[in-house]
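Hi everyone, thanks for coming. I'd like to walk you through one protein model today, so please have a look at it before I start talking.

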Amino acid sequence: MFSFDEAKAKISGLVEDFDSKIDIIKKSGSHKEANIEDEYIKPLFKYLNWNISNEGIKNIADREFIVQAKGKFGKEPDYLLQLAGKPRFYIEAKHPKHDLFKQTKYIWQAYSYAYSTQSSSERKKVDFALLTDFEEFRFFDCTFRTEPDLVNNFSVLDWKYTDFVDKFQELWDIFSREQVLRGSLDNLYLNEKKIKQNRIPPDRAFLDDLDNEKTGWRVLLAKDIKKFNPELSADFITRVIQLIIDRFVFIKVLSDRNIEEDFLSQMVEQIDRAALKSSEGMLNDSCKEIFARMNRTYNGSVFDLRSELDEVKLGNRTLLSILKDLLPENSRYNFKQIPVEILGTIYEQFLGKVVVTTEKRASIDYKPEVRKAGGVYYTPQYIVDYIVENTVGEKLKACKSIDDLMNIKVCDPACGSGSFLLGAYDRLIRWAVDFYYKKYSSGAKIEKKDREHVYVNEDGSVRLTSKLKRDILRSCIYGVDIDEQAVEVTRMSLSLKALEDTLHDELYDEVNLYQEKVLPDLKGNVKCGNSLVDFDFDEDRLDLKTDEDRKIQPFNWRQAFPEVFKRNGFDAVIGNPPYVRQEMLGDLKPYFEQKYNAYHGVADLYQYFIEKGISLLNDGGLFGYIVANKWTRANYGEPLRKWLRNKGLVEIIDFGDLPVFQSVTTYPCILISQKEPKDEQFRVCNVKTLEFDDLGQYVNDNSFMIKRGSLDDSGWNFSPEGEQDLLQKI
């Protein structure tokens, strides 16, 4: 550890040495960027007491000076500095021959990478980025939405190397390890009113780029397609636009994660050339070669040959502007830093709208059912995590091998954009990583049977092969949704999840070795259909022509997933079913009355999803939903209460009137159950606040047991006092 005076002397020596060599460094080719890092930038932080070599640190999570894994195509910042397991700032190091005030592309590279973390948890967010060649030292607040040519506005410190001595007290007070640990960087946030309004997280910013009613990519594409293809229907245009955007986003994710080269730039070049000849063009004329290449390598349903794309003409100018927005030098988003789960929440909002057309025009509007519901609301991640842990996590406790893991079958019967399936898939992957970490982190040689499943890095950390992640996805994850666009988004999100922590060279080695595409075809796992209506419905009782937006798509579970029902059902059924008011169910009510014990004339749709979900379980399976809590008290919930009381209730977590869903007055509860009764008692927690760090810990600290026999069918009372009163009467 260096004292203040020792550090000042050491850094003064660095500055003097650099000053004496600066002209030679700039003109001579002998000093490379790596030399600048090793001789000046790293020592600067060493004398500020950072452990630049991570010497003596055994736990990977405790490393302080992290070299970023660039990968084959990587452009992310050179270093990440963290303390106490929390990221503090990125460092992008350059050679002094560059002017770091004028060459904003280097600033943008570091800035956009940090900004992309802003939708992540507090333990993963990186708010600041340092751009330095030692001669210049530029520190940026990266929490604002901005554009490449405006990024200089977000600099909070602009120093020259001489300032390291002239302003040493300030340097020490801000950047020494001890001061950063105490929160010194908190004083550097920009708070000016004129830019405060721009502090928008990347998920909201990206949704605005997608869906702004005037400038969003969707409305621009819709207007173009309608202009050049006036005969196409609104439904057709909606599907085509999603296909185009899905593919562009998928390709950008691969590029940002360093898995593939920058194919978007190649598309821009091709369309640029085409635009010289025509103001319009077939999408596939410019992109079909790259799409075909993606399909040959990845599959995963995203790049399937689609006749819709062959039929549509687009304006080259519009296509070009969207692609340029996504290029690294222009895009404020880096999808290596934006989790797939966040992308799913963006799409959840995106799916709430469709293209609406007149004879000559196209616009974007909410789906009728979304408008009536007051908008789209997605499930907070802590709810997803809790339900997954208490269903899938419970099933994993019995697993002793990868084969055991592969036998777990998880389903979301109303999967939407796939948030619960992503949570389940992530939990399965983490179990497999932990399994192999315990086996190989000590340096043991990888057994032959495991070589197709795991990579062990030099530091002892473990990554799964693409083959194993593909096999887990294909074997374990299932979903259904009535919305075809939602099904496509879920397939894409799961495919992107399967590609996390994947390296280019390893991936192509696997493709060559196993002669398989990288991703499974998920058409057999995630299907489009009506989870609640089988092929036995009486067509004479359903007037399907009265509402064009409500289409019955019968679905038979046993035919759709025969391999699952050979095992008598799923091990876990999870999700957040749609909350559809009874007045929108008119045509289906006779069928629901005939088929569901939970039927009531004014019941919401989610009641039937509860009954269906539990019925899909095998004997040892676990069910976990978040639903509105009204069914526990309202008259229309009585049939469900009677039916559910005789099932295997495990837990009910009631959030009362707390605003779990932002901007929506729907108050939920979490319901965990089994198919058959196992215990006379089940656990209850009445949540009184959303100010907790861990929902699981809060439930453990504030829960109590209730006997199923104490429940009154006229309304369930969740209080320990009610149980005591009942016991006294008995």
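Let's start with a question: which residues of α23 are buried? They are His504, Glu506, Leu507, Glu510 and Val511. Buried here means under 20% relative accessible area, exposed means over 50%, and partly exposed is in between, using a 1.4 Å probe and protein chains only. Helices (H or I, at least four residues) and strands (E, at least two) are DSSP runs, numbered from the N terminus.

Before I go on, some housekeeping. This is a predicted model, where local features need pLDDT of at least 70 and side-chain atom pairs count only at pLDDT 80 or more, while totals for chains, interfaces and linings use all residues. Residues are numbered from 1 along each chain as its sequence is written, and side-chain values use heavy atoms, with hydrogens and water left out.

Okay, back to the helix. Glutamate 510 sits in α23, which covers residues 504-514. Its relative accessibility is 7%, so glutamate 510 counts as buried. What is glutamate 510 in contact with, once we leave aside neighbours within four places in sequence? The list is Tyr455, Thr465, Ser466, Lys467 and Gln515, where contact means heavy atoms within 4.5 Å. Lysine 439 is 71 residues from glutamate 510 in sequence, and their C-alpha atoms are 22 Å apart. Glutamine 515, from that contact list, follows α23 and has a positive phi, near 55 degrees.

Now for some strands. β5 is residues 136-141, and six of its six residues are buried. Glu136, Arg138 and Phe140 point one way from the strand, while Phe137, Phe139 and Asp141 point the other way. Who are the partners of β5? Strand β4 (residues 128-132) pairs with β5 in the antiparallel sense over five bridges; two strands pair if DSSP finds at least two bridges between them. Threonine 132 has phenylalanine 137 of β5 as its bridge partner. The hairpin of β4 and β5 has three residues between the strands, and phenylalanine 134 takes a positive phi there, near 75 degrees. β5 also pairs with strand β6 (residues 155-160), antiparallel over five bridges, with phenylalanine 139 opposite leucine 157.

Further along, have a look at β18, residues 648-654, where six of the seven residues are buried. In which sense does β18 pair with β19, and in which with β20? With β19 (residues 668-674) the pairing is antiparallel over six bridges, and glycine 648 stands opposite glutamine 674. With β20 (residues 681-686) the pairing is parallel over four bridges, and isoleucine 653 stands opposite cysteine 685.

Let's zoom out. The protein chain has 30 helices and 21 strands, and buried residues make up 57% of its 730 residues. For 730 residues, a compact globule would have a radius of gyration near 27 Å, and this chain has 28 Å, so the two agree. That radius is taken over C-alpha atoms, and the globule rule is 2.2 Å times the number of residues to the power 0.38. Along its principal axes, the C-alpha trace spans about 90 × 75 × 60 Å. Among contacts with a separation of 6 or more, 72% are between residues 24 or more positions apart.

That's my tour, and I'm happy to take questions.
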